[in-house]
Amino acid sequence: MAKVPVQFTLNGSEKAEFIESGTTLLNALRDKIGDTSPKGGCHQGTCGACSVIIDGELRLSCLTLAETCNGADIKTTAGLAEGGVLHPLQRAFLDAFATQCGFCTPGMIMAAKVLLDRTPNPSRDDVVEALSGNICRCTGYEPIIQAVLTAARANSQNAA
Amino acid sequence: MAIRRGRGVAAINYPTGMNLGGDPTQALVHSTPTGNFMVTLSSVDLGQGMKQIMAQICAETIGVPTDRVVIDTADTDTGPHCMGTFASRGTHRAGNAVIQAAKEARQVMLEVAAEELEVNASDLETDGQGNIQVKGAPQKSISIFDVALSAHFKRGRSISGRGMFLIPRSYPEKETGAMKPSTCYAHACTVAEVEVDDETGEVTVLTVKNVFEIGRALNPKMVEQQLVGGSWMGISHALYETTEPYYPNRDHGGTDFNQYLMPGPGDLAQTEITVLERPSADGPFGAKGPGEMCANPQIPAVANAVFDAVGVRIDTLPITPERILRALKAQAAG
């Protein structure tokens, strides 16, 4: 099958690749570009581990065809830290012991980031709603909810 | 038709490890030329924190800071033998093996330091900060870095140790059937409060209050993390999860996360965790295995709470609305 060109911005860097038509964004990111932070849990859009941010929207990269992302601005958890300093969400997840095996963590953090970008001071219900598309097998969710609330508080204190 | 409330309690004893052909774990410890310590294991860290705990155990035994210890795990082709990470055995079995290996390595380390300081090894102690000093005369000291350099380049010695921990296979006594299939029991008790809708059969877990007796919490925050997640998983087992809802018939078995149900972040019960520490005699620094144990007491507690709420005993898991409604129908039919 003929390969098709794709070009997008990933965490601020221009990326251009030739891919098989029909390749998912998840596979393009992981296998072509080498960003393995989005995880392939179910490959059918039910677990949320592959979540990325495309033009500001939370998207499941396992259900997104890479060739539909031409010109898009894509963000993944791998691009959150700045100069070795962790993003407040990453810091909060660590401090809250909100990760065990870590497989769901990048998707959780992406979902939380979209929430906090839009709702800087979310309620607990807002956080639960935002995380409801992401499955975690280890933590029982409560430490994750607490981490997101903590990161929101840290953000609002920095802004003040 | 109404929403009925019930409360159930359950307590469990849970064994650490298992009794098949014997239950061994082995560990190797050696120092690098810079005086860091490498622990080689075949045991697997799958997120429960084994690397952190083994680093703490090794560091405590040798007498160095935890960040001076590196854990290499999970290559069963090349590593020392371990039966695996299951049966809540990791901390207990691998921990005991690491202690034995680290003790042997510590002894070599002290012997090399003794030669450098020209004192008797039995007069030496570690300061926990990376130095070895003479008891009562801490000004006479040598860094473990320098001890390692000496061992490697001057003395031709390997600062290393071997650890072997084996629970032998237990056979039942012919007369009584008595045997010791496992060691070191952890304990837990849970009180669950539920609401049961007797029209739809739906169960909502309102609160779970758990008490866990786990020997000794070697890393309290990581223990809490395990217990909170385990309590959630216990409820998931009680009410949601099954691969074969009509076991042994495979029909309607879940094939993906749409069908294999688990409680999501919106379905959380208010959860309390209390940890009791009663160090076990044969555990590493008193630890028992909290891993699997912590997801068990919620299941009978929820079943008892459902009985308290609507008067039917569900003896097949998970306790689905269908099973409750069938039981209620049978109860009404008398």
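Which side chain makes a polar contact with the side chain of T183(B)? The partner is R93(B), at 3.0 Å, where a polar contact is a pair of N or O atoms within 3.5 Å, one of which, within protein, must be able to donate a hydrogen and the other to accept it, while residues adjacent in sequence count only if both atoms are side-chain atoms.

## Basis of the description

This is a predicted model, in which local features need pLDDT of at least 70 and side-chain atom pairs count only at pLDDT 80 or more, whereas totals for chains, interfaces and linings use all residues. Residues are numbered from 1 along each chain as its sequence is written, chains are lettered from A and ligands numbered from 1 in the order in which they are written, and side-chain values use heavy atoms, with hydrogens and water left out.

T183(B) belongs to strand β9 (residues 183-197) of chain B; helices (H or I, at least four residues) and strands (E, at least two) are DSSP runs, numbered from the N terminus. T183(B) counts as buried because its relative accessibility is 4%, the classes being buried under 20% relative accessible area, exposed over 50% and partly exposed in between (1.4 Å probe, protein chains only). Leaving aside residues up to four places away in sequence, T183(B) touches P15(B), T16(B), H92(B), R93(B), I167(B) and D282(B), contact meaning heavy atoms within 4.5 Å.

## The interface of chains A and B

Between the two chains, 22 residues of chain A are in contact with 24 residues of chain B. The buried area, which is the accessible area (1.4 Å probe) that two parts lose on being put together, summed over both, is about 1700 Å², with carbon and sulfur atoms giving 65%. In chain A, F97(A), Q100(A) and R137(A) lose the most area to chain B, together 39% of what that side buries.

One salt bridge is counted between chain A and chain B, a salt bridge being a side-chain nitrogen of Lys or Arg within 4 Å of a carboxyl oxygen of Asp or Glu. R137(A) forms a salt bridge with E241(B), and the closest N and O atoms of this pair are 2.5 Å apart.

## Helix α1 of chain B

Helix α1 of chain B covers residues 50-62, and its end C-alpha atoms are 18 Å apart, in agreement with the 18 Å that its 13 residues should span at 1.5 Å a residue; the expected span is 1.5 Å times one less than the number of residues. Because 10 of the 13 residues of α1(B) are buried, this helix is largely enclosed by the rest of the structure. Its buried residues, among them M50(B), I53(B) and I62(B), pack against several elements of chain B, including β2 (23-31), α2 (90-117) and α4 (220-239).

## Salt bridges within the chains

Over all chains, 19 salt bridges are found. In chain A, the side chains of E57(A) and R118(A) meet in one of them, at 3.2 Å from N to O. Since E57(A) lies in strand β4 (residues 57-60) and R118(A) in helix α3 (residues 105-118) of chain A, the pair ties together parts that are 61 residues apart in sequence.

In chain B, R7(B) and E193(B) form a salt bridge at 3.6 Å, N to O. This pair links distant parts of the chain, with R7(B) in strand β1 (residues 3-16) and E193(B) in strand β9, 186 residues apart. R7(B) counts as exposed at 54% relative accessibility, whereas E193(B), at 16%, counts as buried.
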